[in-house]
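These are my notebook entries on a structure that is new to me. I set down what I looked up, one topic at a time.

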Amino acid sequence: MTPIPILLYHSVAPEATPAYARWCVDPELFARHVEVVRTLGFTPLTISALVDATAAGELPERPMAITFDDGRADFTEHALPVIEAAALPTTLYVVTGRIGATSSWLPMAGEDDAAMMSWDGVRAADAAGVEIGSHSTTHVELDVIGAARLPAEIDESRRRLTAELGHDVRSMSYPHGYHSATVVRAVRAAGFDSACAVGDTWSSADDDRFALRRKFVFGGTTPHALRELLLSPPDRPARPRRVLRTGWRCARWARHRMPNRQGAR
Ligand SMILES: [Zn+2]
């Protein structure tokens, strides 16, 4: 099965706090990443275009996708100009309850006061052709909050995006990549027709369209490293053993219920 790289970016900015620097790609480096993608002959698609082409059996040569999670304000200032200049199909997943506010879920990375995009910024990205998707309402770990809270995080986020943009939105990405069968059912029921997880590996045409695997891009991913990565896709790792996944989820579930927890999970 042809590997399909789906790259996951978080921040494009000239500077970041030391704890967050690994997630932050310099704007010039991002422009060089785009050059590498083009030079190698990849065909970037939005996530919805990718799942549509996959379903139709009409994937282009060397399909790939570029995604952004969170919706930080630096997307408007530093990523969007590069995307527009390159006419680059891109998908941006925003935390709808944090639009116009701060990344208050990242206190451990010293990023609890980083500015998030405004609704004007989200609409500008949408108008520029960027596919906008949901990254939940508050960036909570969806698989541990209980089914009763899922509509507020999933359905409400979709409704808000649809109202603000004036058109349907189709795709979601799970905060931290965390999802479960219950979460996937809720995402489908809300009307989304695809969702991105993480996995830190390549996707493929047989990937679950509600758990598309993505590969992190870091501030230290040089153009050469990206080129090597795209030309030599990693072997697909075995899925984490269920017992390990379940154990880690139990630990997060317990942490979620501890009093006085930091952050806005
Ligand atoms: Zn996120």
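**Overall build**

I began with contacts, where two residues are in contact if their C-beta atoms, placed from the backbone, lie within 7 Å. Among contacts in the protein with a separation of 6 or more, 66% are between residues 24 or more positions apart.

I noted that this is a predicted model, in which local features need pLDDT of at least 70 and side-chain atom pairs count only at pLDDT 80 or more, while totals for chains, interfaces and linings use all residues. Residues are numbered from 1 along each chain as its sequence is written.

I looked up the secondary structure and found nine helices and 12 strands. Helices (H or I, at least four residues) and strands (E, at least two) are DSSP runs, numbered from the N terminus.

I then checked the overall dimensions. The C-alpha trace spans about 50 × 40 × 35 Å along its principal axes.

**Burial and core**

I took a residue as buried if 20 or more other C-beta atoms lie within 10 Å of its own, exposed if 12 or fewer, and partly exposed in between. Of the 265 residues, 44% count as buried.

Which residues touch the most other members of the largest nonpolar core? I found Leu92, Ile132, Val187 and Ala195, in a core of 58 residues. Such a core is a set of buried Ala, Val, Leu, Ile, Met, Phe, Trp, Tyr and Cys residues joined through C-beta atoms within 7 Å. Leaving out residues up to four places away in sequence, the contacts of Ala195 include Ser171, Tyr174, Val187 and Phe210.

**Strand β2**

I looked at both faces of β2 (residues 6-9) and found them covered. Ile6 and Leu8 are buried on one side, and Leu7 and Tyr9 on the other.

I next traced its pairing, for which DSSP must find at least two bridges between two strands. β2 runs parallel to β6 (residues 63-70), with four bridges, and Leu8 has Thr67 as its bridge partner there. β2 also runs parallel to β12 (residues 212-216), with two bridges, and Leu7 stands opposite Lys215 in β12.

**Helix α3**

I checked the length of α3: its 14 residues reach 20 Å from first C-alpha to last, close to the 20 Å expected. The expected span is 1.5 Å times one less than the number of residues.

I found a kink of about 45° at Ala79, shortly before Pro81; the bend is the angle between axes fitted to the seven residues ending there and the seven starting there. The buried residues of α3 include Phe75, Ala79, Leu80 and Ile83, and their cover includes β6, β7 and α4. Just after α3, Ala87 takes a positive phi of about 50°.

**Two loop residues**

I located Thr90 in the loop between α3 (73-86) and β7. Thr90 counts as buried because it has 27 C-beta neighbours inside 10 Å. Its C-alpha is 5.3 Å from that of Val130, 40 residues apart along the chain.

I placed Gly97 in the loop between β7 (91-94) and α4 (119-127). Gly97 counts as buried because it has 20 C-beta neighbours inside 10 Å. Leaving out residues up to four places away in sequence, Gly97 touches Thr137 and Thr138.
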